[in-house]
Amino acid sequence: MRTAAVDCGTNSIRLLIADIEDGVLTDVERRMRVVRLGEGVDATGRLSEAALTRTFEATEEYAELIRRHGAEGLRFVATSASRDAENRDVFVEGIRQRLGVEPEVVSGDEEASLSFRGAVSVLDVPDTDTVMVVDLGGGSTEFVAGRGGVVTAARSMDMGCVRFTERFLRSDPPTGAEIEAMEREVRALISEAGREVPFGEVSTLIGVAGSITTVTAHALQLPSYLPERIHGARLSTTAIAGAADDLLRRDRAARAALPYMHPGRVDVIGAGALIWKCVVEHIAEATGGRVDSAVASEHDILDGIALSVPALRK
């Protein structure tokens with residue numbers, strides 16, 4: 001079956017068209033556009049006209065690709081920004097007009113479950129391991145634990161690279177006081193998530209989404225953004241913290257000059273890097289140092305959405 005999946009987050013909108021056979025995805029087309037749908041939502045509670053225009057333009061491009069490739073099923077999932085916005089009805093109607101489907105503004109728990117399914121679908125993880133998948137988005141971060149491919153606990157927290165850049169990191173580069181204020185809030189939210197998700201039981205830590213893969217590329221000092229090098233890369237807690245600290249020290253021009261930095265991520269990567277650093281350090285501490293590394297995955301909620309399409313059509 002040929003399926004199409006769209007993941008519309010706070011920072012980017014992504015498309016996957018893939019063939020599914022025996023639960024395995026074979027990519028036909030992957031696209032990503034940074035549209036910053038959640039720009040200003042944390043402060044205003046509304047999606048801006050400019051952000052909606054950017055998102056609708058990208059959706060029209062995706063609609064043409066979906067028609068051209070003859071996808072039999074389509075699922076459009078929207079996450080944190082559209083979940084939080086007062087005027088999300090405008091967004092919903094705009095997507096319906098362009099794609100002919102109702103965009104699903106999913107709950108944080110559903111978002112976590114889809115992220116988990118996508119992340120573990122292509123990684124060789126023993127069924128006996130308790131896997132923690134962390135999906136670090138623009139507006140929220142999902143913590144989801146599972147074993148043998150089954151989710152056992154999940155929590156979505158309202159912290160993400162766009163939301164926390166706007167809230168805390170307003171200087172270029174961020175000041176020490178800004179970083180300290182953000183770090184206090186991040187660590188408090190991680191601790192809150194830990195009341196529901198068993199961090200101390202984790203055997204394998206997997207990170208997904210653009211902030212984490214970009215931090216991984218920075219730690220590896222890649223000559224360009226190379227998904228095949230990033231996917232499955234295991235980095236120590238120390239290496240991740242070092243890469244995050246270096247990104248936070250750089251100004252916008254220095255970040256933009258990095259060969260693996262997407263232009264739409266330049267201004268928010270510092271916040272994303274700081275969140276990821278705090279997460280891996282918290283897991284290391286919670287497990288008594290037993291988990292002292294994390295694996296990056298290029299497969300995430302988008303893959304989970306695509307894999308869910310056949311079940312929805314039954």
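Hi everyone, a word on ground rules. What you see is a predicted model, where local features need pLDDT of at least 70, side-chain atom pairs count only at pLDDT 80 or more, and totals for chains, interfaces and linings use all residues. Residues are numbered from 1 along each chain as its sequence is written, and side-chain values use heavy atoms, with hydrogens and water left out.

Helices (H or I, at least four residues) and strands (E, at least two) are DSSP runs, numbered from the N terminus. Buried means under 20% relative accessible area, exposed means over 50%, and partly exposed is in between, with a 1.4 Å probe and protein chains only. Contact means heavy atoms within 4.5 Å.

Let's start with α2, residues 49-69. Its 21 residues reach 30 Å from first C-alpha to last, close to the 30 Å expected at 1.5 Å a residue; the expected span is 1.5 Å times one less than the number of residues. Among the buried residues of α2 are Leu52, Phe56, Tyr62 and Ile66. Their cover includes the strands β1 (2-8), β2 (12-21), β3 and β4 (73-78), along with helix α4 (88-99). After α2 comes Gly70, with a positive phi near 65°.

Now to α7, residues 176-193. Its 18 residues should span 26 Å at 1.5 Å a residue, and the end C-alpha atoms are 26 Å apart, which agrees. Which residues of α7 are buried? They are Glu178, Ile179, Met182, Val186, Leu189, Ile190 and Ala193. These residues cover an arc of only 100° around the axis, which puts them on the same side of α7; the arc is that of the directions from the helix axis to the C-beta atoms. As a reminder, an α-helix has 3.6 residues a turn, so residues three or four places apart point the same way. The face turned away from the buried side of α7 carries the exposed residues Ala177 and Arg184. Covering the buried residues of α7 are, among others, β7 (141-147), β8 (150-157), α6 (161-167), α10 and α12 (269-286).

Let me zoom in on Ile179 in that helix. Ile179 counts as buried because its relative accessibility is 18%. Leaving out residues up to four places away in sequence, Ile179 touches Leu169, Pro174, Leu248 and Leu274.

Next comes α10. At 1.5 Å a residue, its 13 residues should span 18 Å, and the end C-alpha atoms are 19 Å apart, which agrees. The buried residues here are Thr237, Ile240, Ala241, Ala243, Ala244, Leu247 and Leu248. Their arc around the axis is only 165°, which puts them on the same side of α10. Thr238 and Arg249 are exposed on the face turned away from that buried side. The buried residues of α10 pack against α7, α8, β10 (234-236), α11 (252-256), α12 and β11 (293-297).

So how do α8 and α10 pack? Helix α8 (residues 210-220) meets α10 (residues 237-249) at an angle of about 95°, with the axes 9 Å apart. That makes α8 roughly perpendicular to α10. Axes are lines fitted to C-alpha atoms, for helices over the stretch in contact, and angles run from 0 to 180 degrees between N-to-C directions. Under 35 degrees counts as roughly parallel, over 145 as roughly antiparallel, 65 to 115 as roughly perpendicular and the rest as oblique. From α8, Val215, His218 and Ala219 meet Ala239, Ile240, Ala243, Asp246 and Leu247 of α10. By class, this contact has six nonpolar, one polar and one charged residues. Here Ala, Val, Leu, Ile, Met, Phe, Trp, Tyr, Cys and Pro count as nonpolar, Asp, Glu, Lys and Arg as charged, and the others, Gly among them, as polar.

Finally, the backbone. Most residues other than glycine have a negative phi, and most peptide bonds are trans. Arg36, in the loop between β3 (24-34) and α1 (41-44), has a positive phi near 50°. Gln221, in the loop between α8 and α9 (227-230), also has a positive phi near 50°. Are they buried or exposed? Arg36 is buried, with a relative accessible area of 11%, whereas Gln221 counts as exposed at 53%. A cis peptide bond joins Asp172 and Pro173, with omega about -5°, and Pro173 lies in the loop between α6 and α7.
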